[in-house]
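Here is a friendly briefing to read with the structure open beside you. Take the topics one at a time and look for each residue as you go.

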Amino acid sequence: MLKRTRALASVAVIAVITGMSAPAWAETLREALALAYQTNPSLLAQRANQRALDETIVQARAGLRPSLDVTASASYSRTNSPGAPPLGGVSESDSGGVSIGLSQTLWSGGRIGHGISAAEANILAGREDLRDIEQTVLTSVIQAYADVIRDSEILAIRQSNLGVLQRQLEEASARFEVGEITRTDVAQSESRLAQSEADLANARAQLSVSRAAYAAVVGQAPGDLAPMPVLPGIPTDFDNALDVALLDNPAIRSAAYSQAAAEANVAAAKAEYMPSARLTGSYGGSTTDLGDLGEIADRSAFQAGVTVSVPLFTGGLNSSRVAQARERANVAQINVEGARRNTLQAVSSAYAQSISSRATLQAGEEAVRAATVAAEGVRQEAQVGLRTTLDVLNQELELRNAQITLASARRNEYVAQANLLAAMGRLEGQDLDAAMTVYDPAANYNRVRNRGALPWDGIVEAIDRIAAPGVMPANDAEDAPIDAQLKSEVVQTAPRS
């Protein structure tokens with residue numbers, strides 16, 4: 001792994017510094033996304049974390065099943081008494097026993113049932129967190145892809161500009177030799193050429209940085225990247241983008257599931273006040289002579305019964321747990337509102353950036369067209385003495401700046417569109433490529449959920465939920481006016497395409 005990492009870094013840097021062509025493979029954005037989807041460490045780690053979270057449902061459902069244990073004991077004693085036998089002397093004895101015990105919860109007042117509900121809600125919240133990480137990684141891939149293309153274009157512009165300025169210097173030197181221009185004109189050409197060499201070095205360094213960032217997120221150094229394809233599902237209406245985001249944004253959905261888990265934990269804490277009933281049974285025997293283990297079977301006994309436990313006084317423990325769970329539920333409810341507000345901000349910002357970048361792109365295309373015509377005209381006018389060398393150099397500089405601005409605007413619009421899709425919750429693997437083999441977190445959950453299950457699990461769970469404290473959901477009606485007001489304010493200030 002270390003060798004592979006060094007190789008990726010070497011390819012990313014050497015290909016730029018030495019001017020070599022990139023590795024012999026060509027890449028599309030789809031291939032880059034697919035590779036990152038399968039190999040990105042952040043994404044793989046979150047998937048493993050989700051599989052660990054799936055185990056909580058197994059642990060929660062274990063309360064529905066009996067516990068079985070075996071106990072074995074053996075003891076030896078030696079007593080020294082003063083005097084002679086039979087009143088004194090040394091006496092020895094040994095004993096032992098073996099028993100097997102079984103305990104099955106019949107009703108816990110809802111503690112087990114609500115624990116299962118909380119575990120399921122936390123797992124669903126974890127899936128939304130996984131979606132969030134997936135979208136973050138894919139956004140990083142798109143940004144790195146666009147950065148490499150932009151910086152490659154800028155490097156090509158800088159290289160072309162260097163060639164033009166070298167020819168300009170040669171032309172200026174020749175004209176100076178025959179007395180058509182002054183030494184000042186030659187010095188101006190030399191100055192612009194030196195600045196162009198510095199700009200070229202900076203462009204190479206920036207491309208190296210972008211290639212390294214690409215290798216880090218994708219898993220291999222970029223080759224000859226294909227042009228950026230059109231991203232699917234770009235909204236043309238801000239209201240529609242906001243409505244989709246409030247429904248599908250993973251942060252909002254995760255916060256909502258976390259709130260459901262917190263509310264289930266409140267109900268579970270209240271269930272601590274309720275009685276509990278357990279079915280118990282044991283079978284075993286004992287012996288007073290370890291040399292005769294058969295006596296254990298001869299003296300064996302079987303016991304069975306039902307134990308009902310009613311909490312009367314816990315020193316304030318139960319009330320404290322309920323209060324703690326309620327405050328955590330309050331935090332979870334507040335986090336839902338916070339996630340909604342953050343989503344409103346993210347959608348509004350990304351939509352505004354997308355509109356702004358599109359306008360900049362259109363203006364940049366016109367600027368490049370006009371600057372190209374002007375540069376050609378100034379060069380021709382300079383040849384007949386109507387323009388100075390400085391006029392030519394300035395117009396070349398304006399043309400290169402317009403080309404660089406255009407390349408940056410193209411990248412900025414693409415990244416803004418990706419950020420908008422991510423804020424809407426529409427930048428997952430299957431959204432970008434329907435043919436991509438996607439990771440299904442539900443598959444592992446379905447595989448482990450019934451691990452260790454017994455035929456009567458469902459019956460015990462149904463009984464446990466009878467007369468259990470109910471879950472008190474948050475008052476969504478109170479939050480609705482706040483959401484509507486925020487949405488209205490954002491819509492009023494959002495840019496229009």
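The protein has an accessible surface of about 26000 Å², and 56% of that area belongs to carbon and sulfur atoms. Such areas come from the Shrake-Rupley method with a 1.4 Å probe, and for residues only the protein chains shown count as cover. This is a predicted model, in which local features need pLDDT of at least 70, side-chain atom pairs count only at pLDDT 80 or more, and totals for chains, interfaces and linings use all residues. Residues are numbered from 1 along each chain as its sequence is written, and side-chain values use heavy atoms, with hydrogens and water left out.

**The overall picture**

- The secondary structure comes to 14 helices and six strands; helices (H or I, at least four residues) and strands (E, at least two) are DSSP runs, numbered from the N terminus.
- Of the 497 residues in the protein, 40% are buried. Buried means under 20% relative accessible area, exposed means over 50%, and partly exposed is in between (1.4 Å probe, protein chains only).
- Take the contacts (heavy atoms within 4.5 Å) between residues at least 6 apart in sequence: 85% of them join residues at least 24 apart.

- Helix H12 covers residues 441-448, and its buried residues are Pro441, Ala442, Asn444, Tyr445 and Val448.
- On the face turned away from the buried side, H12 carries the exposed residues Asn446 and Arg447.
- The cover over the buried residues of H12 includes helix H3 (41-61) and helix H4 (111-177).
- Aspartate 440 caps the N-terminal end of H12, with a side-chain oxygen 3.1 Å from the backbone nitrogen of alanine 442.
- Which residues does glutamine 50 touch, not counting residues up to four places away in sequence? They are Ile123, Gly126, Arg127 and Pro441.
- Glutamine 50 lies in helix H3 and is buried, at 1% relative accessibility.
- A polar atom of the glutamine 50 side chain lies 3.2 Å from the backbone oxygen of isoleucine 123.

- Leu68, Val70, Val98, Ile100, Leu102, Tyr283 and Phe302 make a nonpolar surface patch of about 690 Å². Patches are made of residues with over 30% relative accessible area and no salt bridge: like charges are joined within 9 Å, nonpolar side chains (Val, Leu, Ile, Met, Phe, Trp, Tyr) within 5 Å.
- Strand E2 (67-81) and strand E3 (89-107) are the elements that give two or more residues to this patch, and E3 supplies the largest share, three residues.
- Phenylalanine 302 is found in strand E6 (residues 301-309) and is exposed, with a relative accessible area of 60%.

**Salt bridges**

- The count comes to 24 salt bridges, where a salt bridge is a side-chain nitrogen of Lys or Arg within 4 Å of a carboxyl oxygen of Asp or Glu.
- Glutamate 55 and arginine 451 form one of them, with their closest N and O atoms 2.8 Å apart. This pair links distant parts of the chain, 396 residues apart: glutamate 55 is in helix H3, and arginine 451 is in the loop between H12 and H13.
- Glutamate 337 pairs with arginine 341 in a salt bridge, the closest N and O atoms being 3.3 Å apart. The two are separated by about one helical turn because they are four residues apart in helix H9 (residues 317-383).
- Arginine 379 and glutamate 396 form a salt bridge whose closest N and O atoms are 2.0 Å apart. Arginine 379 lies in helix H9 and glutamate 396 in helix H10 (residues 389-424), so the pair ties together parts 17 residues apart in sequence.
- Is glutamate 396 buried or exposed? Glutamate 396 is buried, with a relative accessible area of 3%, whereas arginine 379 is partly exposed at 29%.
- Glu128, Arg131, Arg253 and Glu428 are linked in a network of salt bridges.

Conventions. A polar contact is a pair of N or O atoms within 3.5 Å; within protein, one must be able to donate a hydrogen and the other to accept it, and residues adjacent in sequence count only if both atoms are side-chain atoms.
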